[in-house]
Amino acid sequence: MIFTPLEQFAIVSLIPIRLGNFYLSFTNSSLYLLLSTGLVVILFYLVTQNGGFLVPSRWQSGVEMIYEFVVSLVNEQIGKKGRFAFPLIFTTFTFLLFTNLIGMIPYSFTATSHLVVTFGLSLSLFIGVTLVGFQVHGLHFFSFLLPKGAPLVLAPLLVVLELVSYCFRAVSLGVRLFANMMAGHTLVKILSGFAWTMLSVGGSLAVASVIPFTIVFALTGLEIGVACLQAYVFTILTCIYLNDAINLH
Amino acid sequence: MPQLDKVTFLSQFFWLCFFYLGFYYVILKFYLPKISRILSLRQKKMGFSNQGMISLQQENHQVREDYQELLSKALTLSKTLFNNFFSQTTNWLSTNATTINKTQYQKVNTSFVQSLGETSLSQNVLFYHAGKNLPEKLTFKILQDNLQTFKKQQASKKSQNLSQETLKKTKK
């Protein structure tokens, strides 16, 4: 049996649910989504018991740091007009952060390493942002596609270019997160496969298997950083797109 | 590649929406208000707002002004105290000096002058007795010799008296 490094991304259905032709099974991906959101909800519940301390405990201080971080993000990017979007940005950031981080535990599953999850999320958010833009500006929203100061002769070409660039935002947002997560996990799996194979052969290679192992060790640290960073990048890009929709540049 | 297995797409997307929206609802209704409540309460308590800062600055300014006023008051008070002290001591000294001069000094002066007069008088008497047969040209050596002879006379007289007394005592 030859194991591929992509086998770790296999979706296994745990509770099969079938509605006619549609399969809505509870899979391992769903289980890990439940795990990450459940952990965050339990953390928030435990921290805000009895309203929380005035002098914060350690965990409460951590939760408040996340809150204030997202507040500063929204205020910096969108300003006063974007206050209504704060809960959405907050839930996106925490959801992605914890889902990515739970995937870093060995033998667990990263739900965001599937294109469906990330692309679905990014497309939904993009459609929402566009709808917000139309709601705020009406049909004047299309003026976004023709930047100021551009000569009218170039208008047809520029509008098409801007439209394609605008629609590509949805794709790039999702694919960025998916590619980072999948590439990181695949790399770690390949290197640890090397270490295991070298160890199982025995002899001098068994001693040399320490090298891939240390590389895997360092790479895991890097991947944890990438997990946090990709959650942050996703969130800040959503804020920027929302800013573009509300305050037309 | 498992990511491109279309069979799983609907299930994954459905459960993603379910958990994402459920998470959003729970956070929006329960936990975001609680966290924002504790943060705003802490801001109010600590006075981190601009108003708090301004009032604190004013209070600081006020305290400094009061302190400086207090210092200047203390300085003037100490100055006046010193001046009073010096004037009082000079007054006391001058009054005491005048009273002493009036009362004690006169007596001391008169007694001193008296003693001077007595010693000079006794010396004059001594010289009169000692220098009965003095020549015209008086030198110090002649004076000294005369004094010594007078002293010897006195000493001999004393010793005669003493011997007479002892004779009388032995007789008794």
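Contact, as used in these legends, means heavy atoms within 4.5 Å. The model is predicted, so local features need pLDDT of at least 70 and side-chain atom pairs count only at pLDDT 80 or more, while totals for chains, interfaces and linings use all residues. Residues are numbered from 1 along each chain as its sequence is written, chains are lettered from A and ligands numbered from 1 in the order in which they are written, and side-chain values use heavy atoms, with hydrogens and water left out.

**View 1. A:T48 meets chain B.** Start with A:T48, which touches B:Y31, B:K34 and B:I35, not counting residues up to four places away in sequence. You will find A:T48 in the loop between α1 and α2 of chain A. (Helices, H or I with at least four residues, and strands, E with at least two, are DSSP runs numbered from the N terminus.) A:T48 has a relative accessibility of 5% and counts as buried. Buried means under 20% relative accessible area, exposed means over 50%, and partly exposed is in between (1.4 Å probe, protein chains only). A polar atom of the A:T48 side chain also lies 2.8 Å from the backbone oxygen of A:F44.

**View 2. The interface of chain B and chain A.** Now take in the whole interface: 29 residues of chain B are in contact with 50 residues of chain A. The area buried between these chains is about 3,700 Å², and carbon and sulfur atoms give 77% of that area. Buried area here is the accessible area (1.4 Å probe) that two parts lose on being put together, summed over both. The rule finds nine residue pairs in polar contact across this interface, both residues being at pLDDT 80 or more. By class, the side of chain B that touches chain A has 21 nonpolar, five polar and three charged residues. For these classes, Ala, Val, Leu, Ile, Met, Phe, Trp, Tyr, Cys and Pro count as nonpolar, Asp, Glu, Lys and Arg as charged, and the others, Gly among them, as polar. A polar contact is a pair of N or O atoms within 3.5 Å; within protein, one must be able to donate a hydrogen and the other to accept it, and residues adjacent in sequence count only if both atoms are side-chain atoms.

**View 3. A salt bridge between two chains.** Side chains of opposite charge can pair when their charged atoms come close. A salt bridge is a side-chain nitrogen of Lys or Arg within 4 Å of a carboxyl oxygen of Asp or Glu. Across the interface of chain B and chain A, the rule finds one salt bridge. A:E64 forms a salt bridge with B:R42, and their closest N and O atoms are 2.7 Å apart. Because A:E64 lies in helix α2 of chain A and B:R42 in helix α1 of chain B, the pair joins two chains. A:E64 is buried, with a relative accessible area of 6%, and B:R42 is buried as well, at 15%.

**View 4. A salt bridge within chain A.** Over all chains, a search of the whole structure finds two salt bridges. One of them pairs A:D244 with A:R169, with the closest N and O atoms 2.9 Å apart. This pair links distant parts of the chain: A:D244 is in helix α7 of chain A and A:R169 in helix α5 of chain A, 75 residues apart. Both A:D244 and A:R169 are buried.

**View 5. Inside the largest nonpolar core.** A nonpolar core is a set of buried Ala, Val, Leu, Ile, Met, Phe, Trp, Tyr and Cys residues joined through side-chain atoms within 4.5 Å. The largest one has 58 residues, of which A:F44, A:Y67, A:F86, A:F90, A:F95 and A:L121 touch the most other members. Helix α7(A) gives the most to this core, with 11 residues. Leaving out residues up to four places away in sequence, A:L121 touches A:F95, A:L96, A:V116, A:F234, B:L16 and B:Y20.

**View 6. B:S11 beside chain A.** Look for B:S11 in helix α1 of chain B. B:S11 is buried, with a relative accessible area of 4%. Leaving aside its neighbours within four places in sequence, B:S11 is in contact with A:Y23, A:L24, A:S25 and A:T27.

**View 7. A:N247 after the helix.** A:N247 lies in the segment after α7 of chain A and counts as partly exposed, at 29% relative accessibility. The side chain of A:N247 makes a polar contact with the side chain of A:N243 (2.7 Å).
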